[in-house]
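Please walk through this model helix by helix. The text below takes its features in turn.

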Amino acid sequence: MEIWLPILIACACYLTPSFLLFKKQTPDKKLTNFNALLIGIGLLAHFTILKASISFNPINLGFSNALIATSFFSILIFWLLNFNKNFNYLQPFLLIPSAFLLIIHPLFLSNHFLTTDLSPLFITHIAIALLAYSLFTFSAYLAIFILIFEKKLHQKKKIDMLLSGFQPLIEMENFLFNINKIGFLLLTVTLISGILFSEQVFGTPLQFNHKSVFSILAWLIYGLLLAGKKLYGWRGRNSIYISLTAFLFLLLSYLGSKFVLEIILHR
C-alpha cells in the first residue's frame with residue numbers, strides 16, 4: 001500500500017527527535033536545528049498522507065482523517081513556534097502520539113464525504129475549525145506539561161531530561177492563555193459559521209444535539225477561563241484543569257461523535 005511509505009517516513013522523523021531528546025539532556029543549537037529539519041520532513045510526509053486520505057474531491061473528513069489532520073496542524077504550530085521559542089520539551093508529548101496515530105491510521109479509515117459543490121466560504125469554515133481544534137490540542141499538551149513540571153517543582157525533585165530546556169512557569173502559563181485566546185476567537189467564528197452553513201450542508205437548521213451542546217459548553221468554559229484571567233488574574237493548577245476540561249468537551253463534541261458514528265455504528 002503506497003500510503004505506508006510516507007507513514008514510515010513521518011514516524012521515523014517524529015520519533016527520532018524525541019529519542020535524541022531523551023538521550024541528550026541539554027540539546028545544543030546543532031541538535032535543535034537537526035531536529036527541526038527532521039520534523040519539517042515529517043510534516044511533508046504527513047501532508048502527503050493527508051492529501052491521499054482526504055482526496056479533496058470530494059473531501060473525506062472521516063474519523064481517522066480528522067485525527068491526523070488535527071495532529072498535523074498541531075505539529076505545524078509547534079514547529080513554527082519553536083523557531084522563536086524553546087518548546088523542545090514538548091516534542092515527546094506531540095510527536096510520539098502523532099506517530100502512533102499515523103501507524104493506526106489505515107486501520108481506522110472511514111468515509112465521511114462532504115458534498116461536492118462546497119462554497120469557498122464553507123471550505124474556509126472547515127479550515128478555521130481545524131485550526132481552532134489544533135490550537136486547543138497544542139494548548140492541551142502544553143497544559144499537561146505544565147502540570148507535570150509544577151508537580152516536579154513542588155516535590156523539589158531534580159528536573160529530569162524530559163523537562164530540559166524549560167521556560168519559567170509563569171511564562172509558559174501566559175503563553176498557554178494566549179494560545180487559548182486565539183483558539184477561542186477561532187472557535188467563536190467556527191460556531192457562528194457552523195450555524196450559517198448547517199442548512200446548506202446538512203439540509204436542516206442547527207440542532208441541539210450532543211455535538212452542538214458539547215461545543216457550546218467548551219466555548220463557555222474557555223470564555224470563563226479567559227475572563228477569569230483578564231479580570232481576576234487566574235493562574236495555577238486550577239486554571240489548567242479548567243482548560244483541560246474545556247478541551248475534553250471539545251474533543252467529545254467533534255472526535256467523540258465521529259468515533260461513535262463511524263467506527264462503532266458504521267454510519
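Helix α7 covers residues 210-232, 23 residues in total. Its first and last C-alpha atoms are 32 Å apart, close to the 33 Å expected at 1.5 Å a residue. That expected span is 1.5 Å times one less than the number of residues in the helix. Helices here are DSSP runs (H or I, at least four residues), numbered from the N terminus.

This is a predicted model: local features need pLDDT of at least 70, side-chain atom pairs count only at pLDDT 80 or more, and totals for chains, interfaces and linings use all residues. Residues are numbered from 1 along each chain as its sequence is written, and side-chain values use heavy atoms, with hydrogens and water left out.

Which residues of α7 are buried? They are Ser-212, Ser-215, Ala-218, Ile-221, Tyr-222, Leu-225, Leu-226 and Gly-228. Buried means under 20% relative accessible area, exposed means over 50%, and partly exposed lies in between (1.4 Å probe, protein chains only). Just after α7 comes Gly-233, with a positive phi of about 70°.

Asn-180 belongs to helix α6, residues 169-202. Asn-180 counts as buried because its relative accessibility is 1%.

Helix α5 spans residues 120-154 and holds Ile-123. This residue is partly exposed, since its relative accessibility is 35%. Its C-alpha lies 9.8 Å from that of Ile-59, which is 64 residues away along the chain.

Next comes helix α4, residues 91-104, which includes Gln-91. Gln-91 is buried, with a relative accessible area of 1%. A polar atom of the Gln-91 side chain sits 3.5 Å from the backbone oxygen of Pro-17.

Helix α3 runs over residues 63-81 and has 19 residues. It reaches 27 Å from first C-alpha to last, close to the 27 Å expected at 1.5 Å a residue. How many of its residues are buried? The count is 14 of 19, so α3 counts as mostly covered.

Leu-5, Ile-9, Phe-34, Leu-37 and Ile-41 make a nonpolar patch of about 460 Å². Two elements give two or more residues to this patch: α1 (4-23) and α2 (29-54). The largest share, three residues, comes from α2. Patch residues have over 30% relative accessible area and no salt bridge; like charges are joined within 9 Å, and nonpolar side chains (Val, Leu, Ile, Met, Phe, Trp, Tyr) within 5 Å. A salt bridge puts a side-chain nitrogen of Lys or Arg within 4 Å of a carboxyl oxygen of Asp or Glu. The areas come from the Shrake-Rupley method with a 1.4 Å probe, and for residues only the protein chains shown count as cover.

Ile-9 is partly exposed because its relative accessibility is 35%.

A search of the whole structure finds zero disulfides (pairs of cysteine sulfur atoms within 2.5 Å). Cys-11 is in no disulfide, and the nearest cysteine sulfur, that of Cys-13, is 9.5 Å away. Cys-13 is likewise in no disulfide; its nearest cysteine sulfur is that of Cys-11. Cys-11 is buried, with a relative accessible area of 7%. Cys-13 is buried too, at 8%.

Methods:
Polar contact = N/O pair within 3.5 Å; in protein donor to acceptor, adjacent residues only side chain to side chain.
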